[in-house]
Amino acid sequence: ITAVGAEALGNALQETTSISRVDLSSNRLGDAGVTEIAKAARNCKQLVHLGLRSNKITAVGAEALGNALQETTSISRVDLSSNRLGDAGVTEIAKAARNCKQLVHLGLRSNKITAVGAE
């Protein structure tokens with residue numbers, strides 16, 4: 001799935017009330033695709049799990065997702081493992097996590113995070 005497919009999926013997610021888990025791991029979403037999924041997540045009140053492992057997401061996509069996480073009250077699990085977040089991206093996600101009280105699991109392994117990003 002690329003950004004084009006993510007846009008279509010995002011539109012569909014906003015219209016459904018039954019899907020609570022979306023796993024898009026090992027696709028080619030990139031920053032544009034995760035931005036589309038983040039838009040949908042803002043309005044998808046039943047979504048509790050978002051799997052985004054191995055999607056070439058950088059700090060740009062992390063910022064879009066972080067903004068969405070701060071606006072939703074349902075997502076409790078996010079897996080961003082094996083992306084390209086780096087220190088800048090994990091900083092964006094950390095900002096969101098501080099204000100996202102329902103978030104209980106955040107997968108960030110293999111993202112080239114250094115001591116700077118871990119602070």
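What covers the buried residues of α2? Keep that in mind as you click through this predicted model.

**Stop one: α2.** Select residues 30-43. Now colour the buried positions of α2: Gly30, Asp31, Gly33, Val34, Glu36, Ile37, Ala38, Ala40 and Ala41. An α-helix has 3.6 residues a turn, so residues three or four places apart point the same way. To see the cover over those buried residues, show α1 (3-15), β2 (49-51) and α3, which are among the elements that provide it.

**Stop two: Ser25.** Step back to the loop between β1 (21-23) and α2, where you'll find Ser25. Buried or partly exposed? Ser25 counts as partly exposed, because its relative accessibility is 23%. Show its side chain along with that of Asp23: the two make a polar contact at 2.6 Å. Leaving out residues up to four places away in sequence, Ser25 touches Gly51, Leu52, Arg53 and Asn55. For a sense of scale, draw a C-alpha distance from Ser25 to Thr72; these residues are 47 apart along the chain and separated by 21 Å.

**Stop three: Ser76.** Jump to the loop between α3 (59-71) and β3 (77-79), and pick Ser76. This serine counts as buried because its relative accessibility is 19%, and the cut-off for buried is under 20%. Bring up its contacts, again skipping residues up to four places away in sequence: Val48, Gln102, Leu103, Val104 and His105.

Methods: Residues are numbered from 1 along each chain as its sequence is written. This is a predicted model: local features need pLDDT of at least 70, side-chain atom pairs count only at pLDDT 80 or more; totals for chains, interfaces and linings use all residues. Side-chain values use heavy atoms; hydrogens and water are left out. Helices (H or I, at least four residues) and strands (E, at least two) are DSSP runs, numbered from the N terminus. Buried means under 20% relative accessible area, exposed over 50%, partly exposed in between (1.4 Å probe, protein chains only). Contact means heavy atoms within 4.5 Å. A polar contact is a pair of N or O atoms within 3.5 Å; within protein, one must be able to donate a hydrogen and the other to accept it, and residues adjacent in sequence count only if both atoms are side-chain atoms.
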